[in-house]
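Hi,

Here is the structure I promised to pass on. Please open it beside this email, and my notes follow below.

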Amino acid sequence: MHQGTLDLTLDQITKIEGHASLSLKVKDDVITECKFSIPEYKRFYTQAVRKKPINSIPQMVARICGTCSNAHLLCSIKAIEASQGIIPSEQTKILRRILVNGLMIRDHGLHLYVFALPDIYKRDSLLDFDENDHEEHELLHDAFAVKEGGNQLAIWAGGRSVHAPNPTVGGFLKLPLLTEKDKLISQLKSIRPRVLKLISIFQNCDFVQEEDVSFSALQSTNFDFLDGSIVTAGGKRIIDAEYASHLEHIVIPYSQASGYKFEGKTYIVGALARVNLSKQFLNPATLEDASEALKLFPSKNIYHNNLAQAIEILHCIDDSIAILEKIHIQDEKPARFSVKPGIGVGVVEAPRGTLYHRYEVDDKGIVTNGRIIVPTGQNQIAIEQSLYHFAKDHLETPKEELSLEFEKIVRAYDPCMSCASHFLKLKIIRKVSR
Amino acid sequence: MPKLRVGWFTFTCCEDSTILFTELLNTHWDTWKEKIEFVNARILKTNRELKDLDISFVEGSISSDEQAKKLKEIRDNSKILVAIGACAVNAMPSGWRNTFDEETKKEIQFIVERFSHLPRVEPLSKYVKVDESVPGCPMDEKRFLELMEKYAPGNT
């Protein structure tokens with residue numbers, strides 16, 4: 001007990017991608033401070049892209065983030081293609097879809113098994129799972145097998161699962177080998193039962209933290225992460241290129257990353273938003289085998305982001321198997337184009353939510369201005385709101401337990417701090433109102 | 001033989017090598033677990049120790065005095081310190097701001113000041129002795145596995 005007064009600082013929230021911290025101050029049972037901040041040092045990519053040729057941009061901005069590098073890569077390619085009027089071939093689109101499926105499996109797998117699962121099994125680390133306990137032993141091996149399945153899928157389609165070297169503006173520099181597809185299909189089929197088990201674990205997990213917020217995501221009729229238009233929980237539909245004009249940029253003075261509101265409202269992007277808004281468009285096999293879990297959506301419980309990610313892993317496996325079973329690869333070179341001035345926007349669903357790249361290009365093919373909006377920036381205000389709500393309802397909880405719960409809440413959002421701290425916007429500083 | 005006490009740390013970077021390392025666990029943990037133990041790795045665990053480390057792998061560049069201080073603390077508590085990835089080895093691509101022209105530097109100055117960034121983004125070797133390096137963006141996987149074999153033989 002802390003008799004109504006508490007000072008709690010979490011300098012390094014663990015088992016997340018990058019560095020984040022939290023400061024909570026309570027005086028006489030009143031929260032006087034609840035600050036979730038991102039102390040990652042900015043790398044100023046928004047400035048760095050200026051004066052660089054468009055062909056160099058995708059590989060450059062992939063370095064904003066290690067874990068979702070291929071989402072940045074594909075989003076920037078999409079934006080540059082839009083600026084140049086390039087329409088990618090059907091084969092290119094399919095291979096990009098496989099690449100992003102591999103990314104989702106690998107990245108959600110890392111979050112669910114390595115970051116989130118230890119909370120359910122009350123272990124400090126996945127690596128501490130008891131090898132002599134059948135269930136825990138199996139889960140450790142599930143983690144490695146599922147992540148490796150995504151890893152291999154991305155390596156096949158893009159040449160590497162981190163900063164894939166093969167995708168480029170207009171197509172692929174090197175095409176995957178068709179001879180390896182059977183091996184991939186059987187690998188994906190072998191991890192499918194493991195993922196069904198994962199869905200069942202998160203479906204039965206009783207963690208609850210409900211938030212009255214809006215949701216938004218890119219939607220297409222085949223749950224494609226790289227295509228579609230933006231939809232919101234309020235039923236709004238927006239052309240992807242106009243997304244940014246609906247967002248309000250909010251500078252959070254104590255954080256090295258920016259926050260956003262959607263038309264003045266706190267909103268959430270990511271797997272929870274996608275499954276809430278578009279679950280009917282999941283792969284038919286996924287719809288069938290995850291039918292019980294899917295009944296829980298739409299959901300306002302932020303812990304269901306974990307369940308939504310597990311369902312998305314299944315979708316990515318099923319979607320990839322369906323594609324690979326009928327794929328033919330033609331010897332196709334990247335589309336050739338003559339550089340012209342233009343402005344291009346690319347919007348994709350990264351593992352953690354909607355990612356936006358916009359470039360202004362001059363007549364020599366040089367970027368004169370860039371803007372990048374990342375999912376974690378968009379979720380930052382909701383994360384802080386959840387922490388505040390939890391603290392307000394649990395003022396009597398012992399400090400250590402409170403710290404653990406705070407970390408669990410932050411982890412549920414699966415934030416990516418590397419992404420969130422890449423950029424800089426010049427705006428008037430004002431405090432976030434809750 | 002006691003297990004090697006290993007740490008994995010990151011500073012300013014995109015953590016691509018950390019991700020690559022978590023993917024290497026998929027196929028190598030079964031053998032590594034016999035000889036190494038992660039006593040400090042924020043990506044893997046909450047309870048962490050910073051003392052008597054046999055090997056510390058450090059990814060990322062140094063952007064602030066605070067980071068430099070933490071790096072020295074890691075050095076003081078580690079027998080071997082390995083710089084992981086391009087940012088740790090030569091401060092790029094995290095150090096884009098080192099290359100900016102005066103006008104762009106002026107534009108970012110208020111952030112540099114507000115969050116007490118150092119004047120330049122620096123590689124690890126600017127502040128501490130680095131015993132081994134794994135360059136690459138992400139790190140060269142083969143070189144990393146060679147180092148694991150060198151310090152924890154029979155493990156790769």
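In what order do the three strands of the open sheet in chain A run? Keep in mind that this is a predicted model. The order is β12-β13-β14 in chain A, and the pairing is antiparallel. At the edges stand β12 (342-350) and β14 (367-373) of chain A; each has a single partner strand, so one side of each is left without a neighbour in the sheet. From one strand to the next, the twist averages 10°.

Glu360(A) is a handy place to start, as it stands opposite Asn369(A) in β14(A).

Next, follow the chain to helix α11 of chain A, residues 375-393. This helix lies across β12, β13 and β14 of chain A, and it runs at about 130° to β13(A).

Now for the contact between the two chains. Chain A brings 33 residues to the contact and chain B brings 35 residues. On the side of chain B that touches chain A, α1 (16-32), β4 (62-64) and α4 (102-114) of chain B each supply at least two residues. Which of these elements gives the most? That is α1(B), with 10 residues. Sorted by class, this side of chain B has 16 nonpolar, 12 polar and seven charged residues.

Enjoy looking around!

Best wishes

Technical notes. Residues are numbered from 1 along each chain as its sequence is written. Chains are lettered from A and ligands numbered from 1 in the order in which they are written. This is a predicted model: local features need pLDDT of at least 70, side-chain atom pairs count only at pLDDT 80 or more; totals for chains, interfaces and linings use all residues. Two strands pair if DSSP finds at least two bridges between them. Helices (H or I, at least four residues) and strands (E, at least two) are DSSP runs, numbered from the N terminus. Axes are lines fitted to C-alpha atoms, for helices over the stretch in contact, and angles run from 0 to 180 degrees between N-to-C directions. Two residues are in contact if their C-beta atoms, placed from the backbone, lie within 7 Å. Ala, Val, Leu, Ile, Met, Phe, Trp, Tyr, Cys and Pro count as nonpolar, Asp, Glu, Lys and Arg as charged, and the others, Gly among them, as polar.
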